[in-house]
Amino acid sequence: MLFEASLRALEGLMTEFFHSCTTNERKREIEELLNNFAQQTGAWRHCMFFLSNTRNEYVMMYSLTVFENLVNKMWIGVASQDKMEIRSCLPKLLLAQHKSVPYFIRNKLCKVIVDIGRQDWPMFYHDFFTNTLQLIQSPALAPLGLVMLKTTSEELACPREDLSVARKEELRKLLLEQVPTVLGLLTGILETYWDKHSVIASTPPPSPTSGESSDGIAGQLPMAALDNESHQLCCLVLECLAHLFSWIPLSTSITPTLLASIFHFARFGCDLRPKAKTDSFISSNSSSSNGQLNPGTMPPTSNGGELNGQQNEANKVDRARLGLLSMTCVNELVSKNCVPMDFEEYLLRMFQQTFFLLQRLTRENNAHTIKSRLQELDESYLEKFTDFLRLFVSVHLRRIESSPQFPIVEFLALLFKYTFNQPTHEGYFACLDIWSVFLDFLTTKIKSRLPDRESVLNRYKDALGLLLREVLNRIQFRCNQAQLEELDDETLDDDQQTEWQRYLRQSLEVVAKVMELLPSYAFSTLFPVLQENLDVYLGLQQFIVTTGTSRRLNITAENDCRRLHCSLRDLSSLLQAVGRLAEYFIGDIFAARFSDALAVVERLVEVTCYGSQTSLYDLETAVPSVLKPDLIDVHAQALAALQAYSHWLAQFYSEVHSQNQSQFINLIKSAIDASSPLITTKVPEKLMLSACHLMVSITSTVRPVFLVTLPAVQNIFNLITTQNQTRRLPQEAHMLVCRALSNMLLLPWPNLPESEQQWQTRSSNHASLLAALTREYLTFCPPNYVFSRVVKAVIQQTLPVLRDIVDSVSSESTKSRQICYQSLQESVQVSLTHFPVFIQQPDVTDEMLAFFLTLFQALRVQMGVAFTGQIIHTFLSMFTREQLAASILHEGSAGCRVVQKFLKILQVVVQEPGQAFKPFLPSILSLCMEQVYPVVAERSSPDIKAEMFELLYQILHQNWRYFFKTSVLTSVQRGDSEDTMENEAQFTAAMQAFGQSFLQPDIHIFKQNLCYLESLNSKHKLYHRKLFRTSMLFHFINVLLQVLLHKSHDLLQEEITLAIYNMASVDFDAFYSAFMPEFLNGCHGVDSSQRAVLARNFKLEQDLPSFTQSVQRLVNDLRYYRLCNSSLPTGTIKL
């Protein structure tokens, strides 16, 4: 009666809890009541009664949760008699009720029983697994047995951390012993149902080499659908196999019969989905249907017809699910890279089976094209199949490719069909990735077998040629307009590219990879297509009509405009393709491919000159919203493609410099003539920037000696040096042009000795250029202009240009940097004078510090020690603690960026070799540890922390002798006890800051600082230093072990364990005899016997793999013991 009353009360509480009118406060009260009830000793007896006597799903779920909590958290404290009773009653309950309760209740009950097995099998629950096998073998109970098996695989093979490592290893070993039996049972079920329900006898597929027709007429018929019960059972078997394959090793237990059975069911996914209704359409982008009704569909004539349609729809879903689960099993096997020798034959059989499936998928018949066939298949099945192909090509192709039993060329032909009939863009992208992996494999193979290059290439030449032509067709509107117009060219994805740009980029990568393998063939395929579209573009001049001041393109017919639009889009894409291939004309193959490259460059120069001379971007058109952007894009892409050939032009220049240069000079002159008219505010910005980038590349990569004398260059020089604010180019274009002009004057000319570089003239010209660029900036005198917006604008326009010029010579010769600094000297002095005035305006200070940072990185030698010291002194005096604190507290602000750049400048300073800047070290350390660190220590401030810790690291690394006077050699010779420490307090403070960062949640700072400590140890033996070893080492190991225990930085497990090993290896004896006992004694939540087990299991090994294993075991088992102990009932006596 007591149990009955409790059940009624519980049902009432559950109903009230889930009622929509119940308040949150009342829900909390009920929750507390239920939690208190669950904690009572013997509550499980009530729950057993509830499960047997209620139909209320909420009550069932609650009762099972009580059991789950008991088994997983309190089982160790449950009396053995109670355990026996629970182990006996729950399986009986499952057998009695598994058909009458909802599936989620059944699954939860299965999981509780499996959880008991996880704790007690085989010692106290010896028939746990045997019972499951018996269920599977009983026809009526097989589905229940399979649910139990899948749950067992999930919970026992990959258990959570609530088991000790020893128990985890025991369970895995026990399960592996059962694997052959289990796989045999599952194979038997699949074979039985296949034989029973298949229209075709279960014969192996034909040899892949025998052609598609070998499947016969029967192979083209869809297989009979399984009845619902059979379908559910086969799905459960495949789900079990998929999970088993995720953890069992590849071995002969996975028999050819099992593989064949899985592939039989994979065929269900290849069958077309039956049509049920007259309004079913094939997608309009299918070229075969043109949006018409699917042939062969009959209109429903009655309700019976509709019902039949619903059944067909259900069959369709069921068949797709079988195929999907089968491919999941296959993919689990194929994803394993470690293949034993005795399994390689099985792999070959798998791929032969796959070849057969691919034949089915890409078979064309009178009723369906390949594309419409793929459109009719389940999308998820196709994704799985594509995943399989990717795994096959990326992981196993090297094993199979040379086998005479696998027809690789025929496989590629099928993959070609599969790729270019994909019904979705994503499917097509995924297939292009597979081709990219294959092309990489082929390239690597050829490079490793150069003598066989031709024979390998000849084997694949036809396939690669087909691939190239089809990919090129797919990017052209002329061949693929319907599909390309579906692509979004406006919305940017996470990689900052539109869907169209991604489509084009992935396609061009495939083209480039084919070009690397078959350069002549690829060029002869691409260039004529480019020529064809260029002829259309170059012929537009005849349609230009001028009336007064306006110029109009006299193409107005809708069809003509559409054709022109398609041609211009294709030309733009092909120009990008030609630019992408530029790298395959330079280096060792320059001479061999010279004539092809010259033809391309001459054509590009012709096109860019034509575009600039005719100003096509400025024409009025019949469809301005479409054709004008097309004309601008073609012109811009032609300039970008020509820019891509700048390295080829540089090599051309170096090859012909002592011969007849007229051809080269004409190319460069024409390129400048093409780009210079576009550098004006009257030209669309996209086109202007393309011209500017081309000019920068010519001046930085090619560097012709005659460039500065060209009239077009002189015009640009005049434009830049005389422009005012109203005529000024946009900032990005202005910076690029200034960089190009500076490059002409600063960068050494190739092929000429130092005596012919004309440095004096160029230096004078560069000084004039910089004087013109900084004219306004240098006229301001503090302090009268502080609040002027004009002044601020001039500073923010001028300094980025100067910074860009400095940056462009950072890796150049000393002479170039000297001239650059001479021209800049006055601007630098003025900037330093301006700095204190603008210290309270962080946006301006940010710009100034960015300029000084670039100066320090590129020109610190040219600036000299005295002036550099003056700059550092000014900065250190300006950044007071209050100033720093105010800036840091506004995270993400301009003030924060100012502090970051200041710390970056100091990083450059402390890395400078020699003694010149050593006097600043105490001030820098003081600023770092006494002014910046206290402000950021307890805040997130990730950006500033990252820079501050890098500064600390550079101080320690580059100035080690500031702290340790003895050299590494001396310390090795005399022993570590001879360390002569200086500035010990500052060193200790720095180490404490590093240690403190390991207690913070920021994983990026944690990883960065752990790398810094490891670097200091590898370069300076940090962990071996007496001070660190005696007073810090154990603290650091303790902190890192605690981090592993708390699982707060789990992504860095490997790095943390390696650092612990490196620290422990300084003195393994001390680690094992002193640290480990001290660490274990300090561990709360475990008793002395558990500490002893933990100590005993930590093997006294000194190699990294064994040590890593011991650390992982310690962490796992310590967490497990704490979990067990925290769950014991109050007053439990632990023996």
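A residue is called buried when its relative accessible area is under 20%, exposed when this is over 50%, and partly exposed in between (1.4 Å probe, protein chains only). Helices are DSSP runs of H or I with at least four residues, numbered from the N terminus. The structure is a predicted model, in which local features need pLDDT of at least 70 and side-chain atom pairs count only at pLDDT 80 or more, while totals for chains, interfaces and linings use all residues. Residues are numbered from 1 along each chain as its sequence is written, and side-chain values use heavy atoms, with hydrogens and water left out.

In helix α37, which covers residues 881-889, the buried residues are Q883, L884, A885, S887 and I888. These buried residues pack against four helices, namely α36 (865-878), α38 (894-910), α39 (921-936) and α40 (942-958). A contact here requires heavy atoms within 4.5 Å.

A buried position is also found in a loop. T621 lies between α24 (594-614) and α25 (624-644), and its relative accessible area of 13% makes T621 buried. When residues up to four places away in sequence are not counted, T621 touches L553, L627, K628 and L631.

The second largest pocket has a volume of about 640 Å³. Its lining comprises 27 residues, and those closest to the pocket centre are P143, L144, Q232, L233 and L236. Two or more lining residues come from each of α6 (103-120), α7 (128-137), α8 (142-157), α9 (165-197) and α11 (228-245). Helix α11 gives the most to this lining, with seven residues. A pocket is defined on a 1 Å grid over the protein atoms alone, as an open set of points where a 1.4 Å probe fits, with protein on both sides within 12 Å along at least five of seven lines; lining residues have an atom within 4 Å of a point. Grid points are joined across faces, edges and corners, and the volume is the space filled by probe spheres set on the points. By class, the lining of the second largest pocket holds 14 nonpolar, eight polar and five charged residues. Ala, Val, Leu, Ile, Met, Phe, Trp, Tyr, Cys and Pro count as nonpolar, Asp, Glu, Lys and Arg as charged, and the others, Gly among them, as polar.

Side chains of opposite charge can pair when their charged atoms come close. With a salt bridge taken as a side-chain nitrogen of Lys or Arg within 4 Å of a carboxyl oxygen of Asp or Glu, the whole structure contains 43 salt bridges. One of them joins R8 and E4, at 2.6 Å from N to O. R8 and E4 are four residues apart in helix α1 (residues 2-17), so about one helical turn separates them. R8 is partly exposed at 43% relative accessible area, and E4 is partly exposed at 30%.

Another salt bridge joins E426 and R502, at 3.1 Å from N to O. Since E426 lies in helix α18 (residues 425-448) and R502 in helix α21 (residues 499-517), this pair ties together parts 76 residues apart in sequence. E426 is partly exposed, with a relative accessible area of 45%, and R502 is partly exposed at 23%.

R897 and D846 also form a salt bridge, with their closest N and O atoms 3.3 Å apart. R897 belongs to helix α38 and D846 to helix α35 (residues 842-863), so the pair ties together parts 51 residues apart in sequence. R897 is partly exposed at 36% relative accessible area, whereas D846 is buried at 11%.
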